[in-house]
Amino acid sequence: MNEQTPISREERIKNLKGIGSARKRVEDARFTQGAGNYVDDINLPGMLFGDFVRSSHSHARIISIDKEAALAVPGVIAILTAEDLKPLNLHYMPTLAGDVQAVLADEKVLFQNQEIAFVIAEDRYIAADAVELVEVEYEELPPITDAFKAMDDDAPVLREDIQDKMEGAHGPRKHKNHIFLWEQGDKEGSEKALADADVVVEELITYQRVHPCPLETCGCVASMDKINGKLTLYGTFQAPHAVRTVASLITNIAEHNIRVVSPDIGGGFGNKVGVYPGYICATVASIVTGVPVKWVEDRIENLTSTAFARDYHMTGKIAATKEGKITGLWCHVLADHGAFDACADPTKFPAGFFNIVTGSYDIPVAYVGVDGVYTNKAPGGVAYRCSFRVTEAAYLIERMIEILAQKLNMDPVELRLKNFIKKEQFPYQSALGWEYDSGDYHTAMEKGMAAVDYPALRAEQAEKRAAFDRGETRTLMGIGTAFFTEIVGAGPVKNCDILGLGMFDSCEIRIHPTGSAIARLGTISQGQGHATTFAQIVATEIGIPAEDITLEEGDTDTAPYGLGTYGSRSTPVAGAATAMAGRKIRAKAQMIAAYLLEVHEGDLEWDVDRFQIKGNPEAHKTMKEIAFASYNQAIPGLEPGLEAVSYYDPPNMTYPYGAYFCVLDIDVDTGVVDVRRFYALDDCGTRINPMIIEGQVHGGLTEALAIAMGQEITYDEMGNVKGGSLMDFYLPTAVETPVWETDETVVPSPHHPIGAKGVGESPNVGGVPAFSNAVNDAFAHKGLTHTQMPHDHWRVWKTAEKLGLSG
Amino acid sequence: MIPGSFDYHRPQSVSEAVGLLKDKGDEAFIVAGGHSLIPMMKLRMSTPEHLIDIQDIAEIKNISIFGSDVTIGAFVTQAEIISSEALHGICPVLREASLQIADPQIRNVGTIGGNVANGDPGNDMPAIMQALDATFVLAGEEGTREVKARDFYEAAYFTARAETEMLTLIKFTAPAAGHGSCYMKQKRKIGDYATAAAVVILTMNGTTVQNVEIALTNVADTPLYAEEANRLLIGTSLDDASIKAAVEAAKAITDPADDGRGPKDFRTHIAGVMVERAIRQAATTAS
Ligand SMILES: Cc1cc2nc3c(=O)[nH]c(=O)nc-3n(C[C@H](O)[C@H](O)[C@H](O)COP(=O)(O)OP(=O)(O)OC[C@H]3O[C@@H](n4cnc5c(N)ncnc54)[C@H](O)[C@@H]3O)c2cc1C
């Protein structure tokens, strides 16, 4: 520290690169140079490799499994089947949703590509060869691929293992293929609102089955050290601590003897929250063989067997007055969960936070009923870049609003403005039980409308439509709006837990003698840039430059317990813990400073990076000086050292929101859609790093484009999975991706220590309805009320053709 | 996603390669750029025991042009086709179509020989070769023989090439100076095969069509040479009715599969749209 050249206060703030700084991502140096360290980069001495024999059928009894030829392949060590796991009681594992899932198919397969046997070999090539040689004999059974038929009287029973258990994890099951009925709100009241209304609209809106498809697939390395009894599990885990607890419960290895490490993760998007058969099999294999075992799935396995997302068939009904005031909302969802209920929702929320479905609107009465059913499809139902089932809810309400506007012959933006929750209504109690923390929806919407010049767009559209009718053009212009409200940051321990683990999160900060620091969190970055942004929170809270702070996550031996990263919860929960830990450090620092400056604590004030005597800023001690003092001076009444830990139980969720606008042109002869403009205004409260926010919005919008315009995992009537490779599963490239325009308003969260709400998932939540609304809007004047996603060339063309528009 | 095991050979000449093909029989596959074959091997849909890598064979790496006679070696990459100004000067549709194949990384490695020999109806070059009336030179143990592109394709992955033969050269005469051409391809994204695609090579005599060659990609289990459509257009002034008749004739010969790109009727419809648009676009470049 050079006292000769005092720097200005502004300069000192700038040097911290704290909250609000567009600091470059510290992670990028290694990622852009190919020096990331992913699970598949981990190679331990003597490591074996596991690979799965998977089911070719969607529903069949296993008659026999012949492993002989495969075992004869040189280099094959062992082949596990359900028979081998049964004595350990590991042939089934608990899911995060209160169900059980077969680790290796036990007598029966329930979806194509289900895990049947686990081949353990000296390398992955030998394992793959041996997989080909395992012969499985099946007796085919009729599959259920249509969720609407799952509860038919004559439907085949899929889950024989639980067929006598008619009381499920979330209440009674009304059919052997039924999982739960989850109801929220006032059913009678909403039915009355519908009966009394001037205007009612109703629509069946399907959010198709898609997949998070992270670029890095799921995998792990299990390493059992038989000498000291310790199991180390490296894996693509979005929730390493929860994995450790689950692993301990199912293997009976004491939790202190398990170390779970999430190294660099190449994208998660919800796909890496759950526990997969590969993890269990690799662990068992390592326990049995005493050497490390790696399992990494390939792309097809990822798309067809590890957690899918959505697959919600949603019926919505809205009641409104002639003038367009919404008087009630009623919805029912048929939720296709596949063969096992492996959603990763908080325990009490089997349909996640779908009851955010009243959206951004002041709706007096509402009802939601969700029926979950089993089908012969892969399990999952995870939150693909959204808080639990929030994208589904936002899609439903944002489509329904447009449909209502059409019926009322009103502009959809005007209808939204008329029904928004008003600024002065916050904190707002929704009809379905949430307390929205803060917002100013009218300002955000009006800012967005001005930015895109909404009236001019509508005028242009009217001209284009007239030109189309005159036969001068074959393209139709669509304008799509979405105004979404998310619910993120799960969540308050009083109602949010996963397998009984409260959904708090944590941060531990340790200041080194020379004034640099390390912070450890219970979360884990999968590309979100935690090492960059959380260091910025610490920097602002304790006045140490972000550059001087190491951030560590993902190793359960060192990180404090936390529930991990998904549902935009890292900033709302662990970010809050970080600020609180920083404040604890500052409180102790204040005592040290008071001692050093020989004043009372109350005489000091905090200023950027120091404590100074009120009214005499020259008399101060910087955090750096205080840190050193904490290590080298005996301060009466204080322990040496400077560190703190905070476990943060959030008092409420946070409610980010945004106004999105999409403008596109549709070639009615080919179904090709050209997105010419996309504007996204996000309000995520306090903005920690604007550059990272922009990056998150770009990525999320690109995923939204993919979902709305092309992604789908489908099954034919035999239950054969389609779209399980990147040839068919739509991942847009830079060429298909439009230029994204981003914007913001800032209404901080009143209950979060730094006012931040979380942003990573907003663009996926708001983007999908904006795209879909734009496609629907293009045809609205021709009488279309709703056409299902994905809006790929074929479906768009089909829509035009049905309306008599295609040549 | 892991191929079965195989032996690897790298012959230095066509005769050495042909000798290996004969020795190893149907267990041997030629690998050129590998961008069709290796994905198939990773899916274990193709399990060759021997791979014969032809990248060291100098004889099959050149583009030569004498007047309007063009010879392209089988190992010329798609990127090399794109960057050849001489080729572009006399036959622009090759660059235009090559630029619509996959993405730059794949085009740097994928070869024209692999693209036409593969026999995948999704490949773009076969229809171009049919429109150009190209000839494929096949080398076998008994020497070489020539097969017309229009006679080469039998079914998906079945061609007139015997397993013991290697494609060495592609020959064609460039269309007359002043011809117009277009390759119109609809796909879902970069790197995708065509939902449907059409090539049109058009020579005008004043305002009437002197000659036209239309061929289609990925709307049947082979590329389709649209003979009837051509016949219906020759001698017309490209009036709407004639174009419509040609489009209908082209659609009539399609038999696409239902796949992720859409059902049969849609892909046939798109084939018609591509033909119509390609005719109109080719007409704007013809003189
Ligand atoms: C993601 C992706 C997208 C693609 N998109 C397209 C596209 O849009 N359009 C398109 O046309 N192609 C596309 N391709 C295929 C690509 O163009 C291939 O490179 C091409 O089809 C084959 O050329 P190759 O040199 O790679 O052949 P290889 O893969 O090496 O060989 C293909 C087949 O031809 C045989 N073969 C190769 N050379 C000879 C020879 N000289 N004599 C006899 N047999 C031979 C091989 O034995 C093999 O059966 C795509 C490929 C990928 C991976």
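B:Met1 comes out partly exposed, at 38% relative accessibility; that class sits between buried (under 20% relative accessible area) and exposed (over 50%), using a 1.4 Å probe and protein chains only. The residue lies in the segment before strand E1 (7-9) of chain B, where strands (E, at least two residues) and helices (H or I, at least four) are DSSP runs numbered from the N terminus.

This is a predicted model, where local features need pLDDT of at least 70 and side-chain atom pairs pLDDT 80 or more, while totals for chains, interfaces and linings use all residues. Residues are numbered from 1 along each chain as its sequence is written, chains are lettered from A in the order written, and side-chain values use heavy atoms, leaving out hydrogens and water.

B:Met1 also teams up with B:Leu43 and B:Met45 in a nonpolar surface patch of about 300 Å². Such patches take residues with over 30% relative accessible area and no salt bridge, joining nonpolar side chains within 5 Å and like charges within 9 Å; the areas are Shrake-Rupley values with a 1.4 Å probe.

On to charges. A salt bridge here is a Lys or Arg side-chain nitrogen within 4 Å of an Asp or Glu carboxyl oxygen, and the count over all chains is 81. Three examples:

| Pair | Closest N and O atoms |
|---|---|
| A:Asp40 with A:Arg124 | 3.1 Å |
| A:Asp146 with A:Lys149 | 4.0 Å |
| B:Asp255 with B:Lys264 | 2.4 Å |

A:Asp40 forms its salt bridge with A:Arg124. A:Asp40 sits in the loop between helix H2 (28-32) and strand E1 (48-54) of chain A and A:Arg124 in helix H5 (124-133), so the pair ties together parts 84 residues apart in sequence.
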